[in-house]
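Here's a quick tour for anyone meeting this structure for the first time. Have a look at the model, then read on.

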Amino acid sequence: MASCERLVFSPNPPADPRATFQYLWDKIDRQYAYFDVKNVDWDEIYLEYAPKMHADLSDDSLFTYLGSMMNELKDGHVNLFSEFNKSRYDIRRLGPNNIDFRFIQDNYLGADYYYTGPFIHDFIADDNIGYIRYSSFSSLFTDENMMFMFERYENTDGLIFDMRQNGGGYLMNVFKFLSYFTLTEEPVYTTCIKSGPDHEAFTESVAEYSTPYDTVIHYLKPIAVLIDRGSYSATSMFSLATLQLNNIFLVGDTTGGGLGMPNGGQLPNGWTYRFSITRTLTPDGLNYENGIPPDIYAVLDSSDMAQGYDTVIETALDSLLGR
Amino acid sequence: MKFRKLLILVLLTTILSSKEILPSNTYLFSNFGNGYAHIKDTGTSPLRYEGLYTGTDLAYKRINPKVIFNVQGSFSYAATFAADYYNLNYFIGGLSVSYIHTMPFIEGERLRLRFGGLLETSVSGALNTDLQNASLNVDYLTDLMITSQLEYDYILAEKSGKFLFLKYSLPQRNYRAFFKLDLPLLILNGRPEFAYLNPEDFDYFSRRYYVGGYKMGTKLGLKRYLKNGNIIEIAYDWNMYTAGNKDIYLLERASHNFTMAFYFKLN
């Protein structure tokens, strides 16, 4: 029986550094979705890194080379994982650190703010605005959580959703979140998936819609969403979707991007990797993979902070309150 | 030469006597087995994952000298590993119907050869949490197989004696040894498209369907017919499948399973 299997089944590929490099380079070449916006000539990358591969390369050196090669894509969704290290491209470092939550506690929320599900929230600006901090789209929330907050802030002039440094999470939370802020079904972006080895081979684009929640739970007053370079992946998806909703505007720094769905795989030596294999565009075809720009640009300013002001929150308040 | 003469003698003996010595019945069949499996899906990894396999089947069987009819549901699970600690959990659930008929030219009291067909359909799921948004995959497989089974019945006569100072008596024992071989006629595969993507907003039935690949199975076993009409069976079951070179990637899997089964007489 084992002989039959050997006859029909393929052997495992070699796991030496050259073979491992070749395997990874090929996989990215065939499946990565964003060569067009990353301005990377992948063939040139091959010529740069291939000569560095030799049979007696240590695991640590091989990992460093492969990780550097992947980081040429400048993509936070591109990683190499081993038992001793994880390569990453830290998108957050492209912009200033744009949030200091202790500062917000000290100057806006005090000590008695509410925790409702994953949300930290309270009244600010003389009770005219509700401030809601949502730090991860991996955190699940319920209708009851949202209903409580909407009832609490129903007499305010607007809401601030603070999603600075929200590194993403579950895509289903993006659509659940959106469903509370619209009463009509709107196309918010389109997605296509790599369909072949050519860099531009994709499936037909499929539109994704924000669908209104089917009960009375919704909030239609103006909403400022605070973003920065650390607002990544699902948070960028949410930011992208808000471009189609008139009652929501973005304040802060450009998001980190990361609009592709990263899928994973394994190398012949056992290490695993991930990179994006889907492409997300606005309904009119714009590609914001490198980040969604804010409607109103604002970054923390030390002179504002010296006076107890978070520049980004204040900018949002100026707009919401018409100051 | 001697072997050929012996074979002809055995065949003639069995052809001349056309009655089956073991009873015909319908059964509820239940089995459980453990063994070894290996799986390779190059869509996500070039490595072959190897590990423990466990499976169970539940079937309705009608067995008589002319025909074996079988409707069966199966479920199996394999916990497999590669490169020391990466873990792939693999599940297969399947349904099958088979009908095998005794061939008149080798049909006797003790030895018979049966031929027939087997139609089965299965869904397999692979879960490897290290693979991010490709951690979960589902494949579909429907196949039509030519199936053959060679059987040999024998009876150990009632026996009594004395071992040291202990007297014992053994009743008559009825056995059937069998070897089953399944070979493919038609295989329909449902495998991922170019992109391997996880579930969150991915339609699992959107698969690339094609005819191809190769599948094979054998089973070598021994049944003991009990006085009450029930049967106990032990067997070694081997199955292999490859999605073939029409697959964008390549799925290969095999299992070696040692089983114990019970046939509960229904009629």
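Helices here are DSSP runs of type H or I with at least four residues, and strands are E runs of at least two, both numbered from the N terminus. Counted that way, chain A has 11 helices and 14 strands. Keep in mind that this is a predicted model.

**The chain as a whole**
- The C-alpha trace of chain A spans about 75 × 45 × 40 Å along its principal axes.
- Chain A has 323 residues, and 42% of them count as buried.
- Take the contacts in chain A between residues at least 6 apart in sequence: 71% of these join residues at least 24 apart.

**Helices H8 and H9**
- In chain A, H8 covers residues 171-178 and H9 covers residues 234-242; their axes come within 9 Å and cross at roughly 30 degrees.
- Angles under 35 degrees count as roughly parallel, so H8(A) is roughly parallel to H9(A).
- The crossing of H8(A) past H9(A) is right-handed.
- On the H8(A) side, Leu171(A), Asn173(A), Val174(A), Phe177(A) and Leu178(A) do the meeting; their partners in H9(A) are Ala234(A), Met237(A), Phe238(A) and Ala241(A).
- Sorted by class, that contact has eight nonpolar residues, one polar and no charged ones.

**Helix H11**
- H11 of chain A runs over residues 311-321, and its buried residues are Val312(A), Ile313(A), Thr315(A), Ala316(A), Leu317(A) and Leu320(A).
- What do the buried residues of H11(A) pack against? In chain A, they pack against helix H6 and strands E5, E6, E9, E10 and E14.
- Just after H11(A) comes Gly322(A), with a positive phi of about 65 degrees.

Technical notes
Residues are numbered from 1 along each chain as its sequence is written. Chains are lettered from A and ligands numbered from 1 in the order in which they are written. This is a predicted model: local features need pLDDT of at least 70, side-chain atom pairs count only at pLDDT 80 or more; totals for chains, interfaces and linings use all residues. A residue is buried if 20 or more other C-beta atoms lie within 10 Å of its own, exposed if 12 or fewer, and partly exposed in between; C-beta atoms are placed from the backbone. Two residues are in contact if their C-beta atoms, placed from the backbone, lie within 7 Å. Axes are lines fitted to C-alpha atoms, for helices over the stretch in contact, and angles run from 0 to 180 degrees between N-to-C directions. Angles under 35 degrees count as roughly parallel, over 145 as roughly antiparallel, 65 to 115 as roughly perpendicular and the rest as oblique. A crossing is left-handed if the near helix is turned anticlockwise from the far one by less than a right angle, and right-handed if clockwise. Ala, Val, Leu, Ile, Met, Phe, Trp, Tyr, Cys and Pro count as nonpolar, Asp, Glu, Lys and Arg as charged, and the others, Gly among them, as polar.
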